[in-house]
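Thanks for coming. I will go through one model this morning, chain by chain, and finish with a few single residues.

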Amino acid sequence: MEQFDERQKAIRNKIMTKAFALAIILLCGAIILNECKVIEIGKTVSFTDYGFITFFILILYVTLSLIWKDAYVGIVNAASIKIALYGFSVLSILDIDLFIKHRMEQAPIDYVVLAGTITMIAITISLWLKKKDWDN
Amino acid sequence: MAKNLRIKAARAAKDMTQKELAECVGVTRQTMNAIEKGDYNPSIRLCIAICKALDKTLNDLFWEE
């Protein structure tokens with residue numbers, strides 16, 4: 001069997017196309033928000049931070065869509081996804097721990113770290129919920 | 001799209017699980033499940049593979065009146 005079957009390939013193509021459109025929308029959104037002075041990119045949020053947040057949103061959208069539509073690598077390669085599951089779990093715990101420590105020190109919220117933490121937690125939870133699919 | 005109960009019946013008649021049929025035709029169990037539930041419209045190539053695996057014709061499994 002090929003790595004992905006025809007249904008999975010069709011889903012992956014559709015998700016990638018939507019992700020591309022989402023990337024354009026997010027970048028256009030940045031220009032509109034900047035022009036309307038809702039957020040001032042470069043002052044309120046740096047260009048790099050906005051780029052990273054956009055990147056995390058795209059990663060989150062693509063990964064969760066693939067997982068919940070059964071078109072991710074775990075369906076065909078249980079061994080590699082198990083390693084990813086435990087890796088993501090450890091990273092999520094470390095991320096949460098770091099975030100709590102920062103909040104306790106009353107450090108200002110870093111939106112990039114927050115976006116990264118949310119992405120990591122969402123992927124980890126989804127993988128745990130889908131674990132039964134590749135456990136047998 | 002409506003559920004395809006004819007595939008399910010033919011599969012049960014041959015005493016095959018979704019996983020076994022999926023392996024036989026070279027797709028994942030999830031894809032087989034989606035076809036039976038009517039969530040996915042398979043290609044003609046896959047339809048033929050399913051028919052061959054279940055000893056049925058395209059009319060038996062996929063033709064809608």
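Helices here are DSSP runs of H or I with at least four residues, strands are runs of E with at least two, and both are numbered from the N terminus. This is a predicted model, so local features need pLDDT of at least 70 and side-chain atom pairs count only at pLDDT 80 or more, while totals for chains, interfaces and linings use all residues. Residues are numbered from 1 along each chain as its sequence is written, chains are lettered from A and ligands numbered from 1 in the order in which they are written, and side-chain values use heavy atoms, with hydrogens and water left out.

Chain A to begin with. It has five helices and zero strands, and its C-alpha trace spans about 50 × 35 × 15 Å along the principal axes. UniProt, in an unreviewed entry, lists "transmembrane region" for residues 15–33, 45–68, 74–99 and 111–129 of chain A. Those positions are in the numbering used here, feature names are shortened, and such annotations may be inferred rather than shown by experiment. Take two of these spans in the model. Residues 45–68 of chain A are 92% helix and 0% strand, with end C-alpha atoms 32 Å apart. Residues 111–129 of chain A are 100% helix and 0% strand, and there the end C-alpha atoms lie 27 Å apart.

How much of chain A counts as buried? The figure is 33% of its 136 residues, where buried means under 20% relative accessible area and exposed over 50%, with partly exposed in between, using a 1.4 Å probe and protein chains only. Contact means heavy atoms within 4.5 Å. Of the contacts in chain A with a separation of 6 or more, 81% are between residues 24 or more positions apart.

Now chain B. UniProt, again from an unreviewed entry, places "domain: HTH cro/C1-type" at residues 7–61 of chain B. In the model that span is 71% helix and 0% strand, and its end C-alpha atoms are 6 Å apart.

Next, the cores. A nonpolar core is a set of buried Ala, Val, Leu, Ile, Met, Phe, Trp, Tyr and Cys residues joined through side-chain atoms within 4.5 Å. The largest has 17 residues, and Ile7(B), Leu21(B), Val25(B), Met32(B), Ile50(B) and Leu54(B) have the most contacts inside it. At least two residues of this core come from each of α1 (5–13), α2 (18–25), α3 (29–37) and α4 (44–54) of chain B. The largest share, five residues, is from α4(B). Beyond its neighbours within four places in sequence, Ile50(B) contacts Ile7(B), Val25(B), Met32(B), Ile35(B), Leu61(B) and Phe62(B). A second, separate core has 14 residues, including Ala19(A), Val62(A), Ala71(A) and Ile81(A).

Finally, the loops. Gly38(B) sits in the loop between α3 and α4 of chain B and is buried, at 6% relative accessible area. Not counting residues up to four places away in sequence, Gly38(B) touches Met1(B), Ala2(B) and Lys3(B).

Most residues other than glycine have a negative phi. Which way does Asp70(A) go, positive or negative? Its phi is positive, about 55°. Asp70(A) is in the loop between α2 (47–68) and α3 (78–104) of chain A, and counts as buried at 13% relative accessibility. Asp55(B) also has a positive phi of about 55°. Asp55(B) lies in the loop between α4 and α5 (58–62) of chain B, but is exposed, with a relative accessible area of 58%.
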